[in-house]
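Please read it with the sequence and the structure open.

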Amino acid sequence: KGVDRFVVVAVQRNENPWTWRLYQHRKSLISLAVGALPAEERVTVKTENVFQGLGGEEDVLDGALNESFLYHGTNPSSSLGICKNHFATSRAGSNAGMLYGKGIYLAEMCSKSDEYAKDDNDGLYKGMYCILVCRAILGRFFYTDEKRVNADQVVQACTRPGAQYQSVLGDREKARGTYREFVVYNAEQVYPEYVVIYRREANAPVQVESSHRTIDKE
């Protein structure tokens, strides 16, 4: 069954001091490792204009570290655990597949993240899906447009001691005419800032339902 549109049901902001501190600490470490990236090593993501100014004047994205807002598809019940306890890297990539190895898969197009989103079987958001809007520090990225990827080589380029890269940019848009994907292998490089709960609809009138709530760590 085709999907004509996504209808937003709720938008919640995640405010977790613990994971935020981990994210900021990792950002400092990456800054020490790469410095200010030159223009040719910076990436322009398709969310750049959409989320411009979202963090406020005091917390703007650091383009010199390729810090970006990106999407991650999941299900509503799992999003709560991610926001409170961080991404579980042991399960990373379980929904997304492992083309680039076991990592946290992010996208610049919500339609790509929707491919990985799941619906809840019960509870408040039964039958609904979730996309997290995440801050991500990509740092220096390993670029690949290969159709057949050596996952071990890609992972090692980002995780071995003294690794030069902090993330992977898999250009499937160039390789297959689909979407670019961004992968990090350290959960501290990603901070899920907004939880978007939505439903898929086919042949339905355009409408947007939204509510706003803040998630605090207990």
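Two residues are in contact when heavy atoms of theirs lie within 4.5 Å. Helices (DSSP H or I, at least four residues) and strands (E, at least two) are DSSP runs, numbered from the N terminus.

1. Basis. The model is predicted; local features need pLDDT of at least 70 and side-chain atom pairs pLDDT 80 or more, while totals for chains, interfaces and linings use all residues. Residues are numbered from 1 along each chain as its sequence is written, and side-chain values use heavy atoms, with hydrogens and water left out.

2. Overall make-up. The protein chain has five helices and nine strands. Their order along the sequence is β-α-β-α-β-α-β-β-α-β-α-β-β-β. Of the 218 residues, 47% are buried (buried is under 20% relative accessible area, exposed over 50%, partly exposed in between, with a 1.4 Å probe and protein chains only). The accessible surface is about 11300 Å², and 47% of this area belongs to carbon and sulfur atoms; areas come from the Shrake-Rupley method with a 1.4 Å probe, and for residues only the protein chains shown count as cover. Among contacts between residues at least 6 apart in sequence, 80% join residues at least 24 apart.

3. Helix H4. Which residues of H4 are buried? In this helix, residues 151–159, they are Val154, Val155, Ala157 and Cys158. These residues span an arc of only 155° around the axis and therefore sit on the same side of H4; the arc is that of the directions from the helix axis to the C-beta atoms. Their cover includes strand S5 (141–144) and strand S6 (167–171).

4. Strand S2. Eight of the eight residues of S2 are buried, so the strand is largely enclosed by the rest of the structure. One side carries Glu67, Phe69, Tyr71 and Gly73, the other Ser68, Leu70, His72 and Thr74, and both faces are covered. S2 pairs with strand S4 (residues 129–137) in the antiparallel sense, over eight bridges; strands count as paired if DSSP finds at least two bridges between them. Within this pairing, Ser68 is opposite Ala136 of S4.

5. Strand S3. Both faces of S3, residues 104–107, are covered as well: Ile104 and Leu106 are buried on one side, Tyr105 and Ala107 on the other. The partner here is strand S7 (residues 180–184), antiparallel over four bridges. Ala107 faces Glu181 in S7.

6. Aromatic pairs. How many aromatic pairs does a search of the whole structure find? The count is nine. Rings of Phe, Tyr and Trp (its six-membered ring) pair if their centres lie within 6.5 Å; planes under 30 degrees apart are stacked, over 60 edge-to-face, and the rest tilted. Trp20 and Tyr23 are a stacked pair, 5.6 Å centre to centre with 25° between the planes. Both belong to helix H1 (residues 17–34) and are three residues apart, about one turn of the helix. Trp20 is partly exposed at 23% relative accessible area, whereas Tyr23 is buried at 0%.

7. A pair between separate segments. Phe51 and Tyr71 have ring centres 5.8 Å apart and planes at 65°, so this pair is edge-to-face. Phe51 is in the loop between H1 and strand S2 (67–74) and Tyr71 is in S2, so the pair ties together parts 20 residues apart in sequence.

8. Cluster and charge. Phe6, Tyr129 and Tyr198 make up one aromatic cluster. Arg200 lies over the face of Tyr129, 3.8 Å from the ring centre; a charge sits over a ring if NZ of Lys or CZ of Arg is within 6 Å of the ring centre and within 35 degrees of the ring normal.

9. Two further residues of H1. Lys27 is in helix H1. Is this lysine, Lys27, buried or exposed? Lys27 is buried, at 13% relative accessible area. Apart from neighbours within four places in sequence, Lys27 is in contact with Asp62, Leu65, Glu67 and Ile137. Trp18 is also in H1 and is partly exposed, at 38%.
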